[in-house]
Amino acid sequence: AALVLDERYVSNPFAGLMCGASFISPDTVVTAAHCVEGLRPSGVDIVVGSINLLPAEVERLAVRNIRVHPGRRGGTALYDVAAIQLVVPPSVPVTPIDLVGPADAPLWEPGDTARFTGWGQDEQGQPISRLQEAEAPIVADPDCKARYGEFFRGRTMLCVGDLSPGGGDVSPCFGDSGGPLTVLDGGRPVLVGLVLGGYRCGDPNYPAAITEVEAVRPILRPYVDPDTVPGLVQD
């Protein structure tokens, strides 16, 4: 899914693109908290139904609630996750993605290949209307810490990128925040992370920083099960 400015402000979903998102239940998507901080539900829409934001043959969905992780602190990279609840589910079929769990840990060890997708900028700094995807290996926490220092928190974050000599320069970029990082369990994709950011797009010395879904899964689980009432909004 794509997170875009509400149609009252920007009618073209491509021009109004803010971030990526993923369905975790028929009426809830997850994205990065920094994509929605300071915004009211009426100020954004969720777009679904096409991998191409142009032409705008997509379905726009109104938002009824934006719930930021209660441990989130603005200006930091900790717990950079938000659940967005829709007024009504989409009319087009969607398959909510499974959240990674403790049993899935062997699927995303250092060196394992993960995939990220998004409508963010390309290597020329140009916006792209068609959904892009790429793969890169999971980076060991000490290697990521060596690059980012105190910014990196191994308890809630991971990194993805090729740090080998002559390694690739594949990475997410501006507009890809909040989008999914996935691995395959057989043929089943599972959500292991949300794009957080990085030092520079495509810099082989600085892997992409990712919010670790396993660290925030207790907050997201109530939205996956429609019989569970989510906790009260905090702050």
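This is a predicted model: local features need pLDDT of at least 70, side-chain atom pairs count only at pLDDT 80 or more; totals for chains, interfaces and linings use all residues.
Residues are numbered from 1 along each chain as its sequence is written, and side-chain values use heavy atoms, with hydrogens and water left out.

**Stop 1: the disulfides**

A search of the whole structure finds three disulfides, each being a pair of cysteine sulfur atoms within 2.5 Å. If you number the bonded cysteines in sequence order, they pair 1-2, 3-4, 5-6.

Select Cys19 and Cys35, whose sulfur atoms are joined at 2.0 Å. The torsion about this S-S bond is -90°, and the link is left-handed. Cys19 sits in strand 2 (residues 17-20) and Cys35 in the loop between strand 4 (28-31) and strand 5 (44-48), so the bond ties together parts that are 16 residues apart in sequence. Helices (H or I, at least four residues) and strands (E, at least two) are DSSP runs, numbered from the N terminus. Cys19 is buried, at 5% relative accessible area, and Cys35 is buried too, at 6%. Here buried means under 20% relative accessible area, exposed means over 50%, and partly exposed is in between (1.4 Å probe, protein chains only).

Next, select Cys144 and Cys159, a disulfide with an S to S distance of 1.7 Å. Cys144 belongs to helix 1 (residues 141-148) and Cys159 to strand 11 (residues 157-160), so this pair ties together parts 15 residues apart in sequence. Cys144 is buried at 0% relative accessibility, and Cys159 is likewise buried at 0%.

Then move to Cys173 and Cys201, joined with 2.1 Å from S to S. This link joins distant parts of the chain, 28 residues apart: Cys173 is in the loop between strand 11 and strand 12 (180-185), and Cys201 is in the loop between strand 13 (188-197) and strand 14 (208-212). The torsion about the S-S bond is about 90°, so this disulfide is right-handed. Cys173 is buried at 12% relative accessible area, whereas Cys201 is partly exposed at 36%.

**Stop 2: the largest pocket**

Now select Ile97, Thr117, Leu131, Pro180 and Thr182, and centre the view on them. Of the 33 residues that line the largest pocket, these lie nearest its centre. On a 1 Å grid over the protein atoms alone, a pocket is an open set of points where a 1.4 Å probe fits, with protein on both sides within 12 Å along at least five of seven lines; lining residues have an atom within 4 Å of a point. The volume is about 820 Å³, taken as the space filled by probe spheres set on the points, which are joined across faces, edges and corners.

Which strand gives the most to the lining of the largest pocket? Colour strand 9 (113-118): strand 9 does, with five residues. Strands 3 (22-25), 5, 10 (132-139), 12 and 13 are also among those supplying at least two residues each. The lining divides into 18 nonpolar, ten polar and five charged residues. Ala, Val, Leu, Ile, Met, Phe, Trp, Tyr, Cys and Pro count as nonpolar, Asp, Glu, Lys and Arg as charged, and the others, Gly among them, as polar.

**Stop 3: a cluster of rings**

Select Tyr148, Phe151, Tyr199 and Tyr206, which ring pairs link into a cluster. Rings of Phe, Tyr and Trp (its six-membered ring) pair if their centres lie within 6.5 Å; planes under 30 degrees apart count as stacked, over 60 as edge-to-face and the rest as tilted. Zoom in on Tyr199 and Tyr206: their pair is tilted, with 4.5 Å centre to centre and 45° between the planes. Tyr206 is partly exposed, at 25% relative accessibility.

**Stop 4: the salt bridges**

Side chains of opposite charge can pair when their charged atoms come close. The whole structure holds twelve salt bridges, each a side-chain nitrogen of Lys or Arg within 4 Å of a carboxyl oxygen of Asp or Glu.

Select Asp98, Asp104, Asp185 and Arg188, a network linked by salt bridges. Asp185 and Arg188 have their closest N and O atoms 2.6 Å apart, while Asp104 and Arg188 meet at 3.6 Å, N to O. Asp104 lies in the loop between strand 8 (98-99) and strand 9, and Arg188 in strand 13, so their bridge ties together parts that are 84 residues apart in sequence. Asp104 is buried at 11%, but Arg188 is partly exposed at 30%.

Lys145 is partly exposed at 33%, and Glu150 is exposed at 60%.
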